[in-house]
Amino acid sequence: MKKLLFTLSLVCTAFIGMNSASAQAVQSGAEIKFEQETIDYGTIDQYADGVREFVFTNTGNEPLVISSARGSCGCTVPTYPREPIAPGESGKLKVKYDTKRVGKFTKSVTIQSNAVTEPTKVLRIKGDVIAKPEGAAPVNNSGAPAN
């Protein structure tokens, strides 16, 4: 009986050891954590600067590589860092919304990365673009009237 209990305890110990090793292996890798997953532009003027930034941190223990970032339509253009983000470091993903379109909007940006837990991440932007008064010229990024 003592031999049987001893054998069972060895098997249980080996099994628990394998599971903890598996859990550690799953936890190894890059992870991406965003400060916020939705940016609300609020109410903004037509032709206003539509650039906003999503700040993220690599909370994993290996370099984070973002392989792609795609907007849900042509009016939403993301720009992301091409170089690996070291563990513990932060980065910025910029999103430019085309504010010449008037009205409420809700758009998404889909991120693909080597993050272990969530390799595909969907971020959102929303807001309400209000029309410029009749005859007001659109402005470019420098604040000068656009041609």
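Q: What relative accessibility does Tyr47 have?
A: This is a predicted model, in which local features need pLDDT of at least 70, side-chain atom pairs count only at pLDDT 80 or more, and totals for chains, interfaces and linings use all residues. Residues are numbered from 1 along each chain as its sequence is written, and side-chain values use heavy atoms, without hydrogens and water. Buried means under 20% relative accessible area, exposed over 50% and partly exposed in between (1.4 Å probe, protein chains only). Tyr47 therefore counts as partly exposed, at 28%.

Q: Near what value is phi of Tyr47?
A: Tyr47 lies in the loop between S2 and S3; strands are DSSP runs of E with at least two residues, helices are runs of H or I with at least four, and both are numbered from the N terminus. Phi of Tyr47 is positive, in a residue other than glycine, and is near 70°.

Q: What angle do the planes of Tyr41 and Tyr97 make?
A: Rings of Phe, Tyr and Trp (its six-membered ring) pair if their centres lie within 6.5 Å, with planes under 30 degrees apart called stacked, over 60 edge-to-face and the rest tilted. Tyr41 and Tyr97 are 6.4 Å apart centre to centre and edge-to-face, with planes at 75°.

Q: How many residues apart are Tyr41 and Tyr97?
A: Tyr41 is buried at 7% relative accessible area, and Tyr97 is buried at 4%. Tyr41 belongs to strand S2 (residues 38-45) and Tyr97 to strand S6 (residues 90-97), so the pair links distant parts of the chain, with a separation of 56 residues.

Q: Is the ring pair of Tyr97 and Phe105 stacked or edge-to-face?
A: Both Tyr97 and Phe105 are buried. Their ring centres are 3.9 Å apart and their planes lie at 10°, so the pair is stacked.

Q: Which residues of the largest nonpolar core touch the most other members?
A: A nonpolar core is a set of buried Ala, Val, Leu, Ile, Met, Phe, Trp, Tyr and Cys residues joined through side-chain atoms within 4.5 Å. The largest one has 24 residues, and those touching the most other members are Phe54, Phe56, Leu93 and Ile125.
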